[in-house]
Amino acid sequence: MSYYPILTAPDSEGFTVLHNFPPNNWEISSRGPKYVNATTISEGVWTSKTIGFLDHMESKTYTRFDVGAIEGLCLLSLTEAPLPEVSPQLPNLKSQTFIPNWRATLGLRRKDAVVSYQGEIEAFPAKASLLTSGLMLQHGQNVENYILLINVEKEPVSRSGELRLFDANNMSSPLATFGVENNKINIIPFDQNLFHTGRLPIIACNEMTGIPLYFSCLRDSSALSLEHTHPPMSLAIHGNRLGVQRLIKSFWFGKMNHD
């Protein structure tokens with residue numbers, strides 16, 4: 001099973017809908033109830049607590065209110081037994097489906113508008129980098145844009161990095177830089193002037209990777225958008241997909257260093 005974060009964004013309430021039924025009908029391994037766990041970092045270790053149970057074929061929505069006094073990153077999970085209360089590393093969860101992964105509904109609510117997507121997160125390696133484009137950001141005078149960069153790693157340690165925004169046509173220097181941290185949902189506001197319609201935004205981070213969510217909203221909160229991009233290896237269907245990803249990253253990171 002995977003972990004499911006409760007999202008955070010400016011002036012918004014995050015919610016996560018857990019589903020105790022499989023995403024396909026050929027990898028079913030359990031039809032019983034499951035524990036609902038909330039996991040976070042406290043005093044340098046991963047801590048988990050049981051916050052409820054979910055019967056087979058049941059769905060339930062969880063917000064920050066439901067998990068109690070948890071600050072920072074909050075990860076929900078479904079397991080057949082309670083997670084250890086304290087762990088030096090993020091607990092490994094038993095995988096019950098592989099294609100697709102067992103997912104939850106991750107969403108944000110702002111006034112009367114609601115947006116969500118089906119997703120999950122696994123721990124990322126500490127030695128990894130991020131490369132993506134900002135094509136999912138919305139344009140318009142009354143639109144606010146944010147990147148919610150979600151990073152989760154096994155070790156409950158603090159690291160920092162730099163997220164850089166480039167124009168694909170001129171990568172000699174970044175248009176903007178932002179500080180980011182691991183084991184966190186980093187909220188990054190984007191100025192409209194940085195990515196007008198004539199630019200292809202390239203977003204990179206050398207120190208860590210993560211899932212970049214593109215959160216856009218009208219200033220009156222009447223409409224929301226939440227999108228995400230996939231890693232570069234998703235551009236290849238067969239063959240050495242990790243090798244393809246290395247080539248793509250090498251090309252773009254090379255342009256950042258030499259343009």
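In the predicted model, Asn-20 is buried, with a relative accessible area of 0%, where buried denotes under 20% relative accessible area, exposed over 50% and partly exposed the range in between, computed with a 1.4 Å probe on protein chains only. This residue is found in the loop between β2 and β3 (34-42), strands (E, at least two residues) being DSSP runs, as are helices (H or I, at least four), numbered from the N terminus. The side chain of Asn-20 is joined to that of Lys-34 by a polar contact of 3.1 Å, that is, a pair of N or O atoms within 3.5 Å, of which, within protein, one must be able to donate a hydrogen and the other to accept it, with residues adjacent in sequence counting only if both atoms are side-chain atoms. With residues up to four places away in sequence left out, Asn-20 touches Gly-32, Pro-33, Lys-34, Leu-54, Asp-55, His-56, Met-57, Glu-58, Leu-78 and Trp-102, contact meaning heavy atoms within 4.5 Å.

Asp-11, in the loop between β1 (4-5) and β2 (13-19), has a positive phi of about 55° although it is not a glycine, and Asp-11 is exposed, with a relative accessible area of 67%. Lys-111, which lies in the loop between β8 (104-110) and β9 (113-119), likewise has a positive phi of about 55° without being a glycine, and its relative accessible area of 66% makes Lys-111 exposed. Most residues other than glycine have a negative phi.

Residues are numbered from 1 along each chain as its sequence is written, and side-chain values use heavy atoms, with hydrogens and water left out. Because the model is predicted, local features need pLDDT of at least 70 and side-chain atom pairs count only at pLDDT 80 or more, whereas totals for chains, interfaces and linings use all residues.
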